[in-house]
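I opened this notebook to keep track of what I look up in one structure. Each entry takes one topic.

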Amino acid sequence: MTERITGRTKGRMPARWSQDQLTARLEAHDLWQKTRGQEGQLLQLTAGVFEGLDFSQGIFDGVDCSQARFIGCAMPGARFNTCRFSDTTLENCTLTAVEMVDATFNRSVLKNCVFTEGNLRGSTWLGAQLADIDFTRCAFEGAVFEDCAFKAVSWPDDLPANLKSLRAN
């Protein structure tokens with residue numbers, strides 16, 4: 001039986017994670033991925049609070065990040081492909097060479113974040129609020145933005161044709 005590791009604490013405030021907790025749980029998740037669930041533990045970041053943590057080179061593919069708060073985190077080279085970010089906050093984060101291919105952002109709030117050379121192909125943004133975001137060197141092929149609010153967002157020069165209207169926001 002696979003145990004899920006979550007940031008959720010039943011009936012209490014969201015769990016604040018330490019760097020050591022994140023590292024140990026990511027190692028268990030890596031083993032879970034490599035053994036296709038036979039060993040290790042499935043990682044869920046649901047409702048966790050991650051403040052000032054280093055997510056460097058972490059592979060979080062398929063992890064649920066719903067209702068999580070990422071504040072002042074460094075995420076160079078991290079992979080969040082096919083992750084769900086529902087009602088999630090990313091604030092003052094640096095996302096250098098991050099992969100978020102086919103990730104979904106439902107009602108998420110992103111403030112003062114820099115995505116340097118990010119791969120956001122196929123990502124879906126529904127009702128997200130984005131303020132003071134630098135996407136200037138990101139790839140967005142196949143991305144979809146619906147009912148989103150934008151304030152001071154910098155877009156790449158080669159924004160796909162279906163997203164060119166976002167540049168006016």
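Is Trp 155 buried or exposed? I looked up its relative accessible area, which is 6%, so Trp 155 counts as buried, the cut-off for that being under 20%. I note here that the model is a predicted one.

I counted the elements next and found one helix and 13 strands in the protein chain. I wrote down their order from the N terminus: β-α-β-β-β-β-β-β-β-β-β-β-β-β. The protein chain has 169 residues, and 46% of them count as buried.

I went to α1, which covers residues 19-34 and has 16 residues. From the first C-alpha to the last, α1 reaches 22 Å, close to the 22 Å expected at 1.5 Å a residue. Which residues of α1 are buried? I listed Leu 22, Leu 26, Ala 28 and His 29. These residues sit on the same side of α1, because the arc they cover around the axis is only 165°. I then checked the other side of α1 and found Asp 20, Glu 27 and Lys 34 exposed there.

I also looked at a charge by a ring. Arg 25 lies over the face of Trp 17, and I noted 4.7 Å from the ring centre.

Entry 4, the sheet. In what order do the four strands of the open sheet run? I read the order as β5-β8-β10-β12, with parallel pairing. The edges of the sheet are β5 and β12; each has a single partner strand, so one side of each is left without a neighbour in the sheet. I noted an average twist of 5° from one strand to the next.

Arg 84 stands opposite Thr 104, which is in β8.

I wanted to know how many aromatic pairs the count gives. The count comes to 20. I picked out Phe 85 and Phe 105, a stacked pair with 4.7 Å centre to centre and 5° between the planes. Phe 85 belongs to strand β5 (residues 84-86) and Phe 105 to strand β8 (residues 104-106), so this pair ties together parts that are 20 residues apart in sequence. I checked both for burial: Phe 85 is buried at 1% relative accessibility, and Phe 105 is buried at 0%.

I went on to a second pair, Phe 145 and Trp 155. Phe 145 is in strand β12 and Trp 155 in the segment after β13, ten residues apart, and the pair links distant parts of the chain. Phe 145 has 14% relative accessibility and counts as buried. Trp 155 is the residue of my first entry, buried at 6%.

Just after α1, Arg 36 has a positive phi of about 55°. Asp 147 has a positive phi near 55° and is not a glycine. Where is Asp 147 found? I placed Asp 147 in the loop between β12 (144-146) and β13 (149-154). With a relative accessible area of 75%, Asp 147 is exposed.

Ala 152 also takes a positive phi, about 55°, although it is not a glycine. I located Ala 152 in strand β13. Its relative accessibility is 48%, and Ala 152 counts as partly exposed.

I looked up Leu 159 in the segment after β13. Leu 159 is buried, with a relative accessible area of 2%.

Key. Residues are numbered from 1 along each chain as its sequence is written. This is a predicted model: local features need pLDDT of at least 70, side-chain atom pairs count only at pLDDT 80 or more; totals for chains, interfaces and linings use all residues. Side-chain values use heavy atoms; hydrogens and water are left out. Helices (H or I, at least four residues) and strands (E, at least two) are DSSP runs, numbered from the N terminus. The expected span of a helix is 1.5 Å times one less than its number of residues. Buried means under 20% relative accessible area, exposed over 50%, partly exposed in between (1.4 Å probe, protein chains only). The arc is that of the directions from the helix axis to the C-beta atoms. Rings of Phe, Tyr and Trp (its six-membered ring) pair if their centres lie within 6.5 Å; planes under 30 degrees apart count as stacked, over 60 as edge-to-face and the rest as tilted. A charge sits over a ring if NZ of Lys or CZ of Arg is within 6 Å of the ring centre and within 35 degrees of the ring normal. Two strands pair if DSSP finds at least two bridges between them. Axes are lines fitted to C-alpha atoms, for helices over the stretch in contact, and angles run from 0 to 180 degrees between N-to-C directions.
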